[in-house]
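Dear colleague,

Please find the structure below, handed over for your records. My findings follow after it.

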Number of protein chains: 2
Amino acid sequence: MKPRLFTPGPTPVPEETLLELAKPVTYHRSAESKAILAEMTEDLKYVFQTANPVLTLTASGTGGMDAAINTAIAPGEKVILLTAGRWGERWKNILKVYGANAVVVEVPYGQVVTPAMLETALAANPDAVAVCATLSETSTGVGHDLEAFGKLVAKTNAILIVDGISGLGAMECRVDAWHLDIVVTGSQKALMLPPGLAFVSVSDKAWKKIEAVAPRSFYLDLRRYKKAILESDTPFTPANTLIKAQRLSLKRIRAEGIENLWARHAKMAAACRAAVAAMGLELFPVRPNSGLTVIKVPAGVDGSAVLKKMEKTHGYKLADGQDAMKGTIWRLSHMGYTDAFDVLGAVAALELILLEVGFPVTPGVGVTAFQKAMAA
Amino acid sequence: MKPRLFTPGPTPVPEETLLELAKPVTYHRSAESKAILAEMTEDLKYVFQTANPVLTLTASGTGGMDAAINTAIAPGEKVILLTAGRWGERWKNILKVYGANAVVVEVPYGQVVTPAMLETALAANPDAVAVCATLSETSTGVGHDLEAFGKLVAKTNAILIVDGISGLGAMECRVDAWHLDIVVTGSQKALMLPPGLAFVSVSDKAWKKIEAVAPRSFYLDLRRYKKAILESDTPFTPANTLIKAQRLSLKRIRAEGIENLWARHAKMAAACRAAVAAMGLELFPVRPNSGLTVIKVPAGVDGSAVLKKMEKTHGYKLADGQDAMKGTIWRLSHMGYTDAFDVLGAVAALELILLEVGFPVTPGVGVTAFQKAMAA
């Protein structure tokens, strides 16, 4: 049986990138290594749509989130936290460790924080120094309107800090044009690499804010990464084989063009949603994003058992809900090195399993709806 | 020309480990992934010679050092810092960021901190809560007597925190028997993997000390890693392809046997030193360790130019001195997936280049001395 990965991170990695990872290791302080880091950084700037250098940390995405907070927020400072799921809660927990005074704007799982909610929170908290938001809330499948958030925050002295870990590179996100001050992403989502690298962009407004904050981390202090990248270097021995491989995956994005890539993901996501509806299933998120489709487990169906069966019988590995959402949703990723034909197969596998567990679905309705949407 | 890596990190990686890195990415929360992490952790315990779980962080070695300090040391606490080079200074800089009250015991580059110096420092500072030391000071090539340090610190309430990044797996180091409370290492040295993972062991004495310290990091708080590893998991998405590959490199160490490995490295290092002496060169460290040989650049020779020439002409990549030591020493690594025949080639290349730059050496004296030592 052929294993196929549809979890919203890690995601499949292109063959040439995998083969790069099998090449002999080289020294990370050579001129050649610096040139590779510089090249990757330029391509990251393109993916982020920013003119600022993008910093590369050897860490999980959470390491990048930690770096954003410890570097930019002083203890006791007020931060507006927008949360719509597990990853918003991750911001909350990081803010807590660093002693920020978090003003929490929370919506139930599946909902989104609206620009109006943010506007109200900003008006009520003029002393807030930052807003923490999530581009793609991978735990529920919603996407936030970061463009609107950016417009609102740009009018204030606060900085906008964004978890773009599973959204960046899968849905439209224009870091500079949208005034996103700090954006964090990880290598293992839309950027088509195994986990291990976190990338962080920082605006001039954010750097100015950072100036007044005393260092609170050694390894995760963004200032060290900025200083190093100005010399095409990293402050600490980086995961340099991942950097070399990341460069190749980014070349794919360059070749496709970021706007084409956004459009392709949007179309694929729409087709997936059409298939879901045609199979008689419902979406979980009110404002779905293009990186993954999150489906409500229908009443009477054992959600976790369906996923296990799909993997065991057909090799398709989707993700279950996390924590309280376990068994209640199915999360199907279509970001990075996953194309429409891959997703079509996942829809077909889901149809077969639904039939097997006795959920009434006419064979072919899902794949037909998918095809129609793609042909439109 | 054939490139050959002799830098003291990264080091060469076995072929089967590299090929593992080229395999398709899998989901990190599956039962299979947990089993792999558990297996790797068992093998790490063997390499560390500890009964405590070894924690795996997705980070550079410095991330592990940061984690040790932020998790175990409260602000204002007194820490005795033993430093003999750049990596001791790394401890100093981390302690500074975290507000520790560091009592610095410093020796010039090339020298070692002796057990007597530590004994004096402990007697003068009975209120010290920790001692920071370095197993292999890679910047100068010295190895410290951690067994003696451990005996001294074990008699006190302080914990012994060790940077074992380039020493562990290349020279004798018995974490439990020597009473080393926190030991940090990295994947890219003797453990035969590319950079990207840091490993940290923590003794019961250290966990007790940690209990009273308030969290000061989110991503690098060792408590999170301990809690997760008890369920064969990681707190954050780990560099899981590196973990799968690390398992294979550790199997090699298991197969060889850790004591055989220490003996082989010691013999290879002794042969390398014999070759150095035979070529009329001098060692830089007073107490060389088995992971690398550090050679003084002889008077009248341009040290950096020799290294560039060796790489350009013969493909051998050695490391220059760092910062103030640049051009004054050559650092030749012989740890991990580097055997005596590899090192013999490096000696031969050095002989040829010395001749080329006019340093008087009889062709063959280095390699002969090396062979004699290996045959002894």
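**How the two chains meet**

In this predicted model, 100% of the interface residues of chain A are also interface residues in chain B, so the copies meet through the same surface. A rotation of 180° with 0.0 Å of shift along its axis brings chain A onto chain B, with an RMSD of 0.0 Å. The two copies are thus related as by a two-fold rotation axis.

The contact involves 42 residues of chain A and 42 residues of chain B. On the side of chain A that touches chain B, at least two residues each come from α1 (15-21), α3 (61-72), α4 (86-97) and α9 (240-256) of chain A. The largest share of that side, 4 residues, is supplied by α3(A). By residue class, the side of chain A that touches chain B comprises 24 nonpolar, 16 polar and 2 charged residues.

**Domains of chain A**

Chain A is divided into domain 1 (4-8 + 258-375) and domain 2 (15-256). Taken over C-alpha atoms, the centres of domain 1 of chain A and domain 2 of chain A are separated by 28 Å. Their contact takes 24 residues from domain 1 of chain A and 26 residues from domain 2 of chain A. The side of domain 1 of chain A that touches domain 2 of chain A divides into 13 nonpolar, 8 polar and 3 charged residues.

In chain A, strand β5 (residues 130-134) is mostly covered, with 5 of its 5 residues buried. Ala130(A), Cys132(A) and Thr134(A) point one way from β5(A), while Val131(A) and Ala133(A) point the other way; all are buried. Strand β3 (residues 78-83) of chain A pairs with β5(A) in the parallel sense over 3 bridges, and Val79(A) stands opposite Ala130(A). Strand β8 (residues 159-163) of chain A also pairs with β5(A) in the parallel sense, over 5 bridges. Here Ala130(A) stands opposite Ile159(A).

For β8 itself I turn to chain B. There, 5 of the 5 residues of strand β8 (residues 159-163) are buried, so the strand is largely enclosed by the rest of the structure. Ile159(B), Ile161(B) and Asp163(B) lie on one side of β8(B) and Leu160(B) and Val162(B) on the other, and all are buried. Strand β5 (residues 130-134) of chain B runs parallel to β8(B) and is joined to it by 5 bridges, with Ala130(B) opposite Ile159(B). Strand β9 (residues 182-186) of chain B pairs with β8(B) in the parallel sense over 3 bridges; Ile182(B) in β9(B) is the bridge partner of Ile161(B).

**Helix α10 of chain B**

At 1.5 Å a residue, the 21 residues of helix α10 (residues 258-278) of chain B should span 30 Å, which agrees with the 30 Å between its end C-alpha atoms. The buried residues of α10(B) include Leu261(B), His265(B), Met268(B), Cys272(B) and Val276(B). The buried residues of α10(B) pack against α9 (240-256), β11 (292-296), β14 (329-333), α12 (340-356) and α13 (365-375) of chain B. Just after α10(B), Gly280(B) takes a positive phi of about 80°.

With kind regards

Definitions and conventions. Residues are numbered from 1 along each chain as its sequence is written. Chains are lettered from A and ligands numbered from 1 in the order in which they are written. This is a predicted model: local features need pLDDT of at least 70, side-chain atom pairs count only at pLDDT 80 or more; totals for chains, interfaces and linings use all residues. Copies are superposed by least squares on the C-alpha atoms of residues with pLDDT of at least 70 in both. Two residues are in contact if their C-beta atoms, placed from the backbone, lie within 7 Å. Ala, Val, Leu, Ile, Met, Phe, Trp, Tyr, Cys and Pro count as nonpolar, Asp, Glu, Lys and Arg as charged, and the others, Gly among them, as polar. A residue is buried if 20 or more other C-beta atoms lie within 10 Å of its own, exposed if 12 or fewer, and partly exposed in between; C-beta atoms are placed from the backbone. Two strands pair if DSSP finds at least two bridges between them. Domain bounds come from an automatic or database domain assignment. The expected span of a helix is 1.5 Å times one less than its number of residues.
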